[in-house]
Amino acid sequence: MAHKYNKTEFTFLLICLITSLFFVFAIFRSFIDSFIFALIFSASLLPAHKKLISFKKIFSKQTSALVLILALSIVLIAPLTSIIMNSVNELWLLLQNYQNQSMGNEKVDSLNHVLLHKIMTFIHQLSGQSLSLSTIEQQWIKLTQYITNQTMTWTNSLANNFATFIFNYIIFILTIYIILTKGDGLKKNFYKISLLPEKDEEMLLKKIENLSRVLLLGNSLGGIMQSLVGFITMSFLGIEKIFFWSLLILVCSFVPVLGCSIIFLPMSIYLWLSGEKMYALVLLSTMSTVYIIVENWFKPKFIGGRIQMHPLIILFSMLGGVNFFGIAGLFYGPLITTIFLYLFDLYFQQSTINS
């Protein structure tokens with residue numbers, strides 16, 4: 001039989017518990033996003049996991065989890081790898097073209113001198129001050145040094161972010177594996193921590209699981225719709241590398257607020273400046289329409305309809321979550337709102353019963 005603590009002992013125990021909880025949070029704080037996203041994806045993979053382990057002669061919990069993690073990694077990593085490789089290839093071709101154009105071309109040099117003379121004349125007419133060629137060269141050297149330094153800083157930051165991404169992805173994958181293989185044990189531990197009745201705890205977990213699945217499915221379907229419309233529109237306009245741009249639209253559709261407008265707005269501006277004004281208007285109007293419909297109607301309607309929550313609440317919770325948490329708030333906002341509404345409903349029921 002457990003020893004009953006007196007008031008002083010229990011107070012000291014509570015202080016130790018709060019202190020240790022603070023340090024545990026400090027230790028795991030950098031992994032919280034990986035844990036929550038692993039929970040969201042695990043909820044989406046759970047039906048397939050149960051289906052696979054029903055074939056007991058072929059799949060155990062461990063092998064089923066490994067197969068699903070491998071499939072998920074292919075789905076997530078393959079598009080990103082394709083985008084990065086295509087982007088690097090385009091940048092390499094651009095640099096090669098620049099080098100070829102700058103190698104001993106007398107006509108280009110002559111044109112540059114004429115252009116430089118016109119610029120100096122324009123500056124002199126505008127400001128009344130004349131600039132020497134040496135002054136311009138000095139300023140150009142400063143500018144190139146600044147660009148070089150910024151490029152190095154950006155490259156180092158990219159390398160660090162890539163290393164961080166790999167580390168967090170490993171945590172993400174390991175967490176999914178643990179949830180799929182040790183889910184029942186984790187539920188029991190949650191029941192021990194929670195002071196709610198087991199029936200309410202089970203219902204809360206089911207709501208979180210259902211919402212996680214619907215959030216991922218709703219955002220994925222919205223991205224696919226925008227990517228498909230973009231593919232058809234760009235095919236009609238005869239834009240090159242439509243598979244690459246469509247894939248980029250799909251990935252960017254998960255970016256909060258801006259979404260795929262990151263892609264089609266610059267592309268429309270480029271077409272307009274290139275003289276293809278009709279193409280620019282068609283692309284802009286088509287993609288803007290589908291973007292507004294998907295982000296402001298389809299996603300809130302799809303998610304809210306399956307978790308019995310008003311679409312406006314879903315929309316505001318997503319926008320508010322993004323404002324507070326960043327890109328992760330796209331999932332955190334509706335998740336926190338759902339938990340709050342369920343707990344408020346429980347509180348209201350208990351208040352009614354007690355009164």
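Leaving aside neighbours within four places in sequence, which residues is S34 in contact with? In this predicted model, the partners of S34 are N168, I171 and F172. S34 itself is found in helix α2, which covers residues 32-53. Is S34 buried or exposed? Its relative accessible area is 8%. The cut-off for buried is under 20%, so S34 counts as buried.

Not counting residues up to four places away in sequence, L215 touches I303, L330, F331 and P334. Take one of these partners, L330. L215 and L330 are 115 residues apart along the chain. Their C-alpha atoms are separated by 8.7 Å.

Stay with α7 and look at its packing against another helix. Two packed helices are described by the angle between their axes and the distance between the axes. The partner here is α8, residues 242-252. The axes of α7 and α8 come within 8 Å and cross at roughly 155°. Angles over 145 degrees count as roughly antiparallel, so α7 is roughly antiparallel to α8. The crossing of the two helices is right-handed.

Which residues make this contact? From α7 come G223, I224, Q226, S227, G230, F231, M234 and S235. From α8 come I242, F243, W245, S246, L247, I249 and L250. Sorted by class, the contact of α7 with α8 has nine nonpolar and six polar residues. It has no charged residues.

Methods: Residues numbered from 1 in each chain as written. Predicted model: local features only at pLDDT ≥ 70, side-chain atom pairs only at ≥ 80, totals over all residues. Heavy atoms only, no water. Contact = heavy atoms within 4.5 Å. Axes fitted to C-alpha atoms, helices over the stretch in contact; angles between N-to-C directions. Helix = DSSP H or I, 4+ residues; strand = E, 2+ residues; numbered from the N terminus. Parallel < 35°, antiparallel > 145°, perpendicular 65-115°, else oblique. Left-handed = near helix turned anticlockwise from the far one by under 90°. Nonpolar A, V, L, I, M, F, W, Y, C, P; charged D, E, K, R; others polar. Buried < 20%, exposed > 50% of the residue type's maximum accessible area, 1.4 Å probe, protein only.
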